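Student: Could we go through the charged side chains of this model, setting each value against its definition?

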Amino acid sequence: KMGKELEKVKSKKITLSVKGEERALKFGFSQWAKLEEEMGGLKNLEKLEKQIEEKPFSTLPHLFYLALADKEGVTEEAVLDDYGLQDIGLLAEKFNELIYGSLPVDEKKAVKEAKK
């Protein structure tokens with residue numbers, strides 16, 4: 001059954017302050033699909049990390065917006081307006097939790113191994 005396969009991507013939920021309220025973000029199947037398309041395949045996931053390091057101010061809002069469950073009244077540009085420069089580290093951490101928290105365990109290992 002296809003359904004069972006899809007369940008392996010467990011979406012990790014985190015919350016983020018958006019426009020003064022806590023909103024849920026999750027990286028489920030459709031978010032992964034969009035990311036895969038944008039990156040030209042998940043094998044290019046390291047590219048994403050490089051992008052976050054080099055262009056955090058455009059990359060992080062895009063990714064968080066992608067993961068935002070309730071996008072009402074929020075634009076991609078403004079999604080992180082509750083945060084400032086000093087929060088980049090925190091946001092990168094939150095992002096890692098969101099992304100790697102949703103990977104099946106063996107995938108996590110593969111990603112970590114590939115980094116070495």
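Tutor: Let us begin with the term itself: a salt bridge is a side-chain nitrogen of Lys or Arg within 4 Å of a carboxyl oxygen of Asp or Glu. The model is a predicted one, in which local features need pLDDT of at least 70 and side-chain atom pairs count only at pLDDT 80 or more, while totals for chains, interfaces and linings use all residues. Residues are numbered from 1 along each chain as its sequence is written, and side-chain values use heavy atoms, with hydrogens and water left out.

Student: What makes E21, R23 and D70 a network of salt bridges?

Tutor: E21 pairs with R23, their closest N and O atoms being 3.8 Å apart, and D70 also meets R23, at 3.6 Å from N to O. The D70 pair links distant parts of the chain, with D70 in the loop between α4 (56–67) and α5 (88–100) and R23 in strand β2 (residues 21–26), 47 residues apart. Both distances fall within 4 Å, so the three residues are linked through salt bridges.

Student: Why is R23 called buried?

Tutor: Buried means under 20% relative accessible area, exposed over 50%, and partly exposed in between (1.4 Å probe, protein chains only). R23 has 7% relative accessibility and is therefore buried, whereas E21, at 41%, is partly exposed, and D70, at 38%, is partly exposed.

Student: How do you know that E38 and K34 form a salt bridge?

Tutor: Their side chains meet at 3.8 Å, N to O, which is within the 4 Å limit. Because E38 and K34 are four residues apart in helix α2 (residues 29–39), about one helical turn separates them.

Methods. Helix = DSSP H or I, 4+ residues; strand = E, 2+ residues; numbered from the N terminus.
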